[in-house]
Amino acid sequence: MIDDIRETKECQLKDPMDLFHSGQVVKICAPMVRYSKLAFRTLVRKYSCDLCYTPMIVAADFVRSAKARDSEFTTNKGDHPLIVQFAAKEAQVLCDAARIICPFADGIDLNCGCPQRWAISEGYGACLINKPELVKDMVRHVRSQIDNPKFSVSIKIRIHEDLKRTVDLCQKAEAAGVSWITVHGRSVEERHQPVHYDAIKIIKQSMSIPIVANGDIKTLKDAENVHHLTEADGIMVARGLLANPAMFAGYEETPFQCIQDWVDIALEHGTPFTCFHHHLMYMMERITSKQEKRVFNVLSSTSAVLDYLNDHYGL
């Protein structure tokens, strides 16, 4: 992290709110465990992604351990605007993490949506939607302790069965100074059920800050439809971008140039083989036959992958 950060200090940080004031729908790469790291963020930025998030980082570990900081957070001067997502349950711990990250990123996001059992049992993620006063306190603390007025403080939530509770949470966060709110349109219990875009629209109509819609957006056409349905100011995509990192640029499936770009970027960044390979498996899902997948998905070295891509696609 350190060398990259030295380089970053030379660059001008950006104000993410400028994107929301541009009059265009903001196209956002979601925080994804293991996947939305620097190399992948570099790739999607080449293909019309406006704003990128890091994977979720546990704020307490980040504050306590230099080793955690070095392994969890890497950036460079092209990696902007950048939002660092934290899991936190105490206002001062979140502030301390925000203070450390502030010189190197454009904002932080508090995860109030992760439905995984470990996160909820630790007091992180989606359990925070039931603690609106704590969320309000955390947002307010960061706002009061970070001097840079352009540094954004956002939250990402899931919805309640009773939507009035979600609107109440959002209004409390807005009163505390939250910059924008990303709404994943499912409850904590829902996994693959249809997304409640109507709920996102109601939340949008109840707020005066930007709202970002998230959930089941796989193509640029999906993004346009969800914007139309919800009136959201931004669209956040996770698995759709994994499958097609060029999605926001209007490609219906991953173009070969994008695969070539990923190979070049991943090798340049020293991306671990498993991550390098998994991204390619996602990207090539729609453009390879079952037989090709059986061969490609069990390759076990970078050189084997490069040989395969060269032999089959001339990459």
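Q: What should I keep in mind about numbering and about the kind of model before I start?

A: Residues are numbered from 1 along each chain as its sequence is written, and side-chain values use heavy atoms, with hydrogens and water left out. The model is predicted, so local features need pLDDT of at least 70 and side-chain atom pairs count only at pLDDT 80 or more, while totals for chains, interfaces and linings use all residues.

Q: How many residues of strand β4 are buried?

A: In a regular strand the side chains alternate between the two faces of the sheet. Helices (H or I, at least four residues) and strands (E, at least two) are DSSP runs, numbered from the N terminus, and buried means under 20% relative accessible area, exposed over 50% and partly exposed in between, with a 1.4 Å probe and protein chains only. In β4, residues 82-87, six of the six residues are buried, so the strand is largely enclosed by the rest of the structure. Both faces are covered, with L82, V84 and F86 buried on one side and I83, Q85 and A87 buried on the other.

Q: Which strands pair with β4, and in which sense?

A: Two strands pair if DSSP finds at least two bridges between them. Strand β2, residues 51-53, pairs with β4 in the parallel sense over two bridges, and C52 stands opposite L82 of β4. Strand β3, residues 57-58, also pairs with β4 in the parallel sense over two bridges, and here V58 has A87 as its bridge partner. With strand β5, residues 107-112, the parallel pairing of β4 runs over four bridges, and I83 has G107 of β5 as its bridge partner.

Q: Which helix belongs to the β-α-β unit that contains β4 and β5, and what is the handedness of that unit?

A: A crossover is right-handed if, with the strands pointing away from the viewer, the path from the first strand over the helix to the second runs clockwise. β4, helix α6 (residues 91-101) and β5 make a right-handed unit of this kind.

Q: Where does the pairing continue from β5?

A: β5 and β6 run parallel and are joined by six bridges, with S154 of β6 as the bridge partner of D109. β6 and strand β7, residues 181-184, likewise run parallel and are joined by four bridges, and R158 has H184 of β7 as its bridge partner. From β6 the chain crosses through helix α9 (residues 163-176) to β7, and this β-α-β crossover is right-handed.

Q: Which residues of β6 lie on each face?

A: S152, S154, K156 and R158 lie on one side and V153, I155 and I157 on the other, and all are buried. Strand β6, residues 152-158, is thus described as mostly covered, with seven of its seven residues buried.

Q: How do helices α13 and α14 cross?

A: Two packed helices are described by the angle between their axes and the distance between the axes. Axes are lines fitted to C-alpha atoms, for helices over the stretch in contact, and angles run from 0 to 180 degrees between N-to-C directions. The axes of α13 and α14 come within 11 Å and cross at roughly 170 degrees. That makes α13 roughly antiparallel to α14, given that angles under 35 degrees count as roughly parallel, over 145 as roughly antiparallel, 65 to 115 as roughly perpendicular and the rest as oblique. Contact means heavy atoms within 4.5 Å, and this contact is made by I259, W262, V263 and A266 of α13 with C275, F276, H279, L280 and M283 of α14.

Q: Which residues of α14 are buried, and what do they pack against?

A: In α14, residues 273-283, the buried residues are C275, F276, H277, H279, L280 and M283. They pack against α3, α12, α13, α15 and α16.
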